[in-house]
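Here's a quick briefing for anyone opening this structure for the first time. Have a look at it, then read on.

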Amino acid sequence: MSRDQEKIEKSLVSLVHKWSDENIARAEKFVDLHRKVIPKRIGISQLYAMKNSIIIGFEHLLDFLKSRQIRARKAGYFHEEGCYEDLMNQIQFIKEDANQLSKQADLKEGKQLSRRIEKELISRFIQHIISQSVSIEKG
Amino acid sequence: MEFMEAIKSLKLKREAENFVRQITDGFALGETDWYSAENALTLAKELAESTVQKTQIRGIVEISRSTGSIADIIDALKVRVGRDYRGNGWDNAGVGRRLIETLRSLRAKVDEFLAKQPEFKEEDPDVARLIHLQLCRNFLDVMAAHFEYAKRVEEDKDE
């Protein structure tokens with residue numbers, strides 16, 4: 001890795017950490033808002049499944065969420081359906097944040113690295129949701 | 001980015017270091033009223049009286065040293081509190097939750113300090129977060145040291 005690349009990589013990690021610290025409250029608010037379904041109907045293992053599916057790809061996660069949303073609608077679980085809807089909206093916002101971050105980091109590799117940031121941010125957001133859910137499940 | 005690396009280019013590097021040192025001394029001496037909701041000594045003592053083991057405390061300290069994000073430390077603590085199903089470890093009398101709140105409350109002191117020194121934010125907009133992160137690390141370091149001592153006292157009592 002060249003020095004320039006190393007520098008970009010470092011500044012990227014720092015930007016992701018900063019984003020994570022600023023958005024943990026957003027994840028906590030999300031869990032509070034959907035306490036009727038998290039973690040009772042949407043359990044910790046399902047949340048981990050979401051986190052794993054983002055590793056495969058953004059589209060894979062969206063497909064996963066959409067299929068769950070349809071299933072909840074058919075079963076008449078409207079709070080659960082709303083939760084999936086909200087999560088998909090949050091993910092769209094995070095996608096925009098990832099775009100902003102890649103612009104800030106002045107990336108030459110463009111799209112590919114932007115996708116990596118996108119995955120990292122979504123994965124972190126879901127991890128914040130998981131941690132909050134685990135702690136309220138106990139409380 | 002590491003704290004020292006982040007502040008090395010700042011003109012007010014010395015002020016930042018002194019501030020962090022001053023607060024950390026406060027942790028070690030057990031002062032509470034001016035910097036956080038709880039003090040490191042009390043939390044360490046409560047944790048030592050619970051079933052939390054030395055390796056678990058060392059694990060949290062290790063996480064705080066290896067990450068550049070306060071959210072990662074808080075996430076790790078939340079998971080430990082949540083998994084204490086019997087309530088006699090990390091969630092004994094809400095000690096883990098109070099530790100999380102204490103780490104969060106350190107930010108207020110940083111903001112207060114930076115309000116008096118606006119030049120910092122002009123130099124690096126992320127400086128408040130980095131100082132806060134360093135304070136969290138130092139708080140956990142001090143708490144871990146107190147914990148090791150208090151745990152030993154607890155173990156001696158049992159023998």
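Start with one pair: Asp21(A) and Arg129(B) form a salt bridge, with their closest N and O atoms 2.8 Å apart. A salt bridge here is a side-chain nitrogen of Lys or Arg within 4 Å of a carboxyl oxygen of Asp or Glu. This is a predicted model, where local features need pLDDT of at least 70, side-chain atom pairs count only at pLDDT 80 or more, and totals for chains, interfaces and linings use all residues. Residues are numbered from 1 along each chain as its sequence is written, chains are lettered from A and ligands numbered from 1 in the order in which they are written, and side-chain values use heavy atoms, with hydrogens and water left out.

**Where the chains meet**
- Between chain A and chain B there are four salt bridges.
- Ala, Val, Leu, Ile, Met, Phe, Trp, Tyr, Cys and Pro count as nonpolar, Asp, Glu, Lys and Arg as charged, and the others, Gly among them, as polar.
- In contact terms (heavy atoms within 4.5 Å), 18 residues of chain A meet 23 residues of chain B.
- The two chains bury about 1700 Å² between them, 48% of it on carbon and sulfur atoms; buried area is the accessible area (1.4 Å probe) lost when two parts are put together, summed over both.

**The largest pocket**
- Asp21(A) and Arg129(B) turn up again here: along with Ile70(B), Arg107(B) and His132(B), they lie nearest the centre of the largest pocket, which has 15 lining residues.
- A pocket is an open set of points on a 1 Å grid over the protein atoms alone, where a 1.4 Å probe fits and protein lies on both sides within 12 Å along at least five of seven lines; lining residues have an atom within 4 Å of a point.
- H1(A) gives the most to that lining, with four residues.
- The lining has six nonpolar, one polar and eight charged residues.

**Inside chain A**
- Chain A has five helices and zero strands.
- Glu120(A) and Arg124(A) form another salt bridge, their closest N and O atoms 3.1 Å apart.
- Because they sit four residues apart in helix H5 of chain A, about one helical turn separates Glu120(A) and Arg124(A).

Methods: Helix = DSSP H or I, 4+ residues; strand = E, 2+ residues; numbered from the N terminus.
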